[in-house]
Amino acid sequence: MAINNIRETEYEKAIDTLLNLTANEQVIFGSIIGIMLGQNLNPNEQNAVGNFLMLIAQELCTLGAQNQMVQMRTRRRNNAENDDD
């Protein structure tokens with residue numbers, strides 16, 4: 001259990017750091033990671049890794065959009081219920 005808690009804390013710190021970067025810092029950081037990942041890969045491997053990362057990005061965008069829609073509907077429903085009172 002303690003190891004999992006440490007890993008979760010490190011994960012949370014990493015995500016918090018990523019989310020607190022400015023737009024320019026995110027672009028620079030992403031560029032550096034992309035260049036570093038692709039250095040020792042042939043073009044086929046670069047495409048495979050790139051497609052995999054795009055798949056992850058699509059999943060995150062889909063999750064975010066759906067969660068945002070659910071939150072918006074919940075707020076609207078709550079506002080409508082409060083207006084009826």
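**Surface**

I began with the surface: the protein exposes about 7800 Å², and carbon and sulfur atoms supply 58% of it. These accessible areas come from the Shrake-Rupley method with a 1.4 Å probe, and for residues only the protein chains shown count as cover. I noted that this is a predicted model, in which local features need pLDDT of at least 70, side-chain atom pairs count only at pLDDT 80 or more, and totals for chains, interfaces and linings use all residues. Residues are numbered from 1 along each chain as its sequence is written, and side-chain values use heavy atoms, with hydrogens and water left out.

Next I looked up burial. Of the 85 residues, 1% count as buried (under 20% relative accessible area; exposed is over 50%, partly exposed in between, with a 1.4 Å probe and protein chains only).

**Confidence**

I checked pLDDT, the predictor's confidence in each residue, from 0 to 100. The mean for the protein is 90, and 91% of its residues reach 70 or more.

**Fold and shape**

I found three helices and zero strands, running α-α-α from the N terminus on. Here helices (H or I, at least four residues) and strands (E, at least two) are DSSP runs, numbered from the N terminus. The radius of gyration is 19 Å, well over the 12 Å that the globule rule gives for 85 residues, so the protein is more spread out than a compact globule. That radius is taken over C-alpha atoms, and the rule is 2.2 Å times the number of residues to the power 0.38. Along its principal axes the C-alpha trace spans about 65 × 35 × 25 Å.

**Two residues**

I picked Thr-9, which lies in helix α1 and is partly exposed at 36% relative accessible area. Its C-alpha atom is separated by 39 Å from that of Glu-81, 72 residues apart along the chain.

Then I turned to Ile-56 in helix α3, partly exposed at 37%. Ile-56 and Asn-24 are 32 residues apart in sequence and 22 Å apart in space, C-alpha to C-alpha.

**Largest pocket**

Ile-56 came up again here: with Leu-18, Ile-33, Leu-53 and Leu-60, Ile-56 lies nearest the centre of the largest pocket, which is lined by 17 residues. α1 (2–19), α2 (23–38) and α3 (43–84) each give two or more residues to the lining, and α2 gives the largest share, seven.

On a 1 Å grid over the protein atoms alone, a pocket is an open set of points where a 1.4 Å probe fits, with protein on both sides within 12 Å along at least five of seven lines; lining residues have an atom within 4 Å of a point.
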